[in-house]
Amino acid sequence: MTLNIPKEKWAQFFSDLSKRRFGWTTRIEVMNDEIGDQVLSENLPLTGITFEQTGDEATIEIAVGENMTHQSHTIVNPGKVAFFGK
C-alpha cells in the first residue's frame, strides 16, 4: 500500500512517524532516475524526521543511528512524500 502525503501535512506526518517509529531499524535509499537507486544507510535506528519550510525552500531532515554511527540526511526541496506500508 502506498499513501501519498499532501505537502501541507508533511510536518505533522513526520512528527507522528518519528514518535511511533523511534528506534526502529531503517534503510535510507535515494531513488533517482539520473543516478539510479542508491542506499545511503542501512540497519541504523531512527532518531527523528523533521520538515521545515522557509520561504521558497523546504527541507526534510532524517536522523538515524546512535553513539558513533549517527548520520543525518537532508533532502532539499522534495517534490513528493509517500509512505510505503504493508
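Two strands are said to pair if DSSP finds at least two bridges between them. Helices (H or I, at least four residues) and strands (E, at least two) are themselves DSSP runs, numbered from the N terminus.

The model shown here is predicted: local features need pLDDT of at least 70 and side-chain atom pairs count only at pLDDT 80 or more, while totals for chains, interfaces and linings use all residues. Residues are numbered from 1 along each chain as its sequence is written, and side-chain values use heavy atoms, with hydrogens and water left out.

**The whole chain**

Begin with a cartoon view of the entire chain. Along the principal axes, the C-alpha atoms fill a box of roughly 35 × 30 × 30 Å.

Next, select β2, β3, β4 and β5. These four strands form an open sheet in the order β2-β3-β4-β5, with antiparallel pairing. At the edges are β2 (25-30) and β5 (71-76), each of which pairs on one side only. Neighbouring strands of the sheet are turned by 45° against each other on average, direction ignored; axes are lines fitted to C-alpha atoms, for helices over the stretch in contact, and angles run from 0 to 180 degrees between N-to-C directions.

Now take the strand pairs in turn:

- Select β2 and β3, which pair in the antiparallel sense over six bridges. Here Arg-27 stands opposite Glu-42 in β3.
- Select β3 and β4, which have eight bridges, again antiparallel. Thr-50 stands opposite Glu-61 in β4. The two strands form a hairpin with two residues between them, and Gly-55 in the turn has a positive phi of about 60°.
- Select β4 (residues 57-64) and β5, joined in the antiparallel sense over six bridges. Glu-61 stands opposite Thr-74 in β5, and Thr-59 stands opposite Val-76. This hairpin has six residues between its strands, with Gly-65 in the turn at a positive phi of about 100°.

**The helix**

Select residues 10-21, which are helix α1. The helix lies across β3 (38-54) and β4, running at about 140° to β3. Contact means heavy atoms within 4.5 Å.

**The largest pocket**

Finally, select Arg-27, Glu-29, Ile-62, Ala-82 and Phe-84. Of the 31 residues lining the largest pocket, these are the closest to its centre. The volume of this pocket is about 1400 Å³. On a 1 Å grid over the protein atoms alone, a pocket is an open set of points where a 1.4 Å probe fits, with protein on both sides within 12 Å along at least five of seven lines; lining residues have an atom within 4 Å of a point. β2 gives the most to the lining, with six residues.

Technical notes
Grid points are joined across faces, edges and corners, and a volume is the space filled by probe spheres set on the points.
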